[in-house]
Amino acid sequence: MTDSLSHSQFERLAADILPALRGRLTRRFKDAYLADSVATDSLSAAWDKYQSDPEYFATNDLAGWMGRLASWR
């Protein structure tokens, strides 16, 4: 059995990841507003995934997951 990520652990990880993701997307899109929107959408999708399966990010990389999702946008 895999331990699930706690709510506070998810929040800390997301808070650490979001600025780096925004920076990467700003360089890619050359538009800070668009980068912020895509990063926020990725965070929202990650939160939805966490809510439906709290164990998912205990075994999968949250930063990688959010980055891949953002790059598909």
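1. Let's start with contacts (heavy atoms within 4.5 Å). Among contacts in the protein chain with a separation of 6 or more, 63% are between residues 24 or more positions apart.

2. A word on the basis: this is a predicted model, where local features need pLDDT of at least 70, side-chain atom pairs count only at pLDDT 80 or more, and totals for chains, interfaces and linings use all residues. Residues are numbered from 1 along each chain as its sequence is written, and side-chain values use heavy atoms, leaving out hydrogens and water.

3. Now the fold. The protein chain has four helices and zero strands, where helices (H or I, at least four residues) and strands (E, at least two) are DSSP runs numbered from the N terminus. Along the sequence the pattern reads α-α-α-α.

4. Next, burial. Of the 73 residues in the protein chain, 29% count as buried, meaning under 20% relative accessible area with a 1.4 Å probe, protein chains only.

5. Do look at the aromatic rings. The structure holds six aromatic pairs; rings of Phe, Tyr and Trp (its six-membered ring) pair if their centres lie within 6.5 Å, and planes under 30 degrees apart count as stacked, over 60 as edge-to-face and the rest as tilted. F10 and Y50 are a stacked pair, 4.8 Å centre to centre with 25 degrees between the planes. This pair links distant parts of the chain, 40 residues apart: F10 sits in helix α1 (residues 7–29) and Y50 in helix α2 (residues 32–52).

6. Both partners deserve a second glance. F10 is buried at 2% relative accessible area, and Y50 is buried at 6%. F10, W47, Y50, Y56, F57 and W65 make up one aromatic cluster.

Note on methods. Buried < 20%, exposed > 50% of the residue type's maximum accessible area, 1.4 Å probe, protein only.
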